Amino acid sequence: MMEEQEEANGAESPLLTKKDFSLNAQYDSVAVINNGTNSLLEPVTDQINGNIPEEEESSSDSEGFSCARASRVQILTYICIGLVNFTSFCGYSIITPFFPGEALKRGASQTTVGLIIGIYAIIGMFSGPFFGKYITSIGSRFMLIAGLMLSGGCTVLSGFLQYTTGTTFIVLCFAVRAVDALAVSASMTSGTTILIHAFPNNVATVMGTLEIFTGLGLMSGPPVGAFLYELGGYRLPFWVIGGILLLCGVSVLIIIPPQPDEEEDAKQTGSLSSLLKLPVIIFTCGLCVAISLSIAFLEPILQ
């Protein structure tokens, strides 16, 4: 009797259309009533039986940043970008113990020393938004490699400035620091973009942990610079950090795969002016300026 009733129900029920299957994929369950209308039902059958779909389990497991759940490419990308941040900010702060005294001996005034150190941040402030706007047109991976190579070359070149004095020394310091700041700004912007591509569901956690490398670079720069200066003079700190930056560029070329923004369809830019009009962006930028001032205003006179 029950078999006859099931056959009758099956004969009366219409077949699911392509639209019905799409609804089924979106809402997990589509039932067809005998009158031919579709009814969306909650997938309570699996919950009653205690069976949870595998897709839901995998999605819940993927929440949160964990090295155990990350792929090999993700881990290597994170480590590589972390080392880039560490080395770049170490190179920024490595001159603090010895450069002001060396610059004063070569004819620069105290104000000029402050401007040479400050030009780094000024260039980074204006070039960062530019690189962020056109990173999809340039390509984040290419921008990172080019920035590291250019920064490494400028840092190595800074070591040779010990053979100059007077106006020549001052002009070359401004030029090399400005180009170095441009390169570091490009590498920092592209490195952040690459990490967002690698960890799209854990952006806040990854960016927060990346700041550990930034802080370590700023902290270790002065003692490392003082040690290398005592060991080999003015040249050695620049040559060591510059060589490490060049090695980081080669490592990025080998380890980090091509990025999604290198595709033609992804090469689109947004409006920078409309972004800067947002109150939250203005407040955040002002907060970053205030924090940076509290960190950097002692650098030219601390020695």
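## A patch outside, a cavity inside

On the surface, Leu76, Met149, Val250, Leu253, Ile254 and Ile255 make up a nonpolar patch that has about 490 Å² of accessible area together. Patch members have over 30% relative accessible area and no salt bridge, and nonpolar side chains are joined within 5 Å. This is a predicted model, where local features need pLDDT of at least 70, side-chain atom pairs count only at pLDDT 80 or more, and totals for chains, interfaces and linings use all residues. Residues are numbered from 1 along each chain, and side-chain values use heavy atoms, without hydrogens and water.

Helix H11 gives the most to the nonpolar patch, with four residues. Another member, Met149, lies in helix H8. Met149 is partly exposed, at a relative accessible area of 31% (partly exposed lies between buried, under 20%, and exposed, over 50%).

Now for the inside. How many cavities of 30 Å³ or more does a search of the whole structure find? The search finds two; a cavity is a set of points on a 1 Å grid where a 1.4 Å probe fits but cannot get out, and lining residues have an atom within 4 Å of a point. The largest cavity holds about 160 Å³ of space. Among its 20 lining residues, Ile95, Ser158, Arg177, Asp180 and Phe238 are the closest to its centre.

Here is the lining by residue class:

| Class | Residues in the lining of the largest cavity |
|---|---|
| Nonpolar | 12 residues |
| Polar | six residues |

Definitions and conventions: 1 Å grid on protein atoms, 1.4 Å probe; cavity = no way out; pocket = protein on both sides within 12 Å on 5 of 7 lines; lining within 4 Å. Points joined across faces, edges and corners; volume = space filled by probe spheres on them. Nonpolar A, V, L, I, M, F, W, Y, C, P; charged D, E, K, R; others polar. Patch = residues over 30% accessible without salt bridge, like charges linked within 9 Å, V, L, I, M, F, W, Y side chains within 5 Å. Areas by Shrake-Rupley, 256 points an atom, 1.4 Å probe, with all protein chains shown as cover. Salt bridge = Lys/Arg side-chain N within 4 Å of Asp/Glu carboxyl O. Helix = DSSP H or I, 4+ residues; strand = E, 2+ residues; numbered from the N terminus. Buried < 20%, exposed > 50% of the residue type's maximum accessible area, 1.4 Å probe, protein only.
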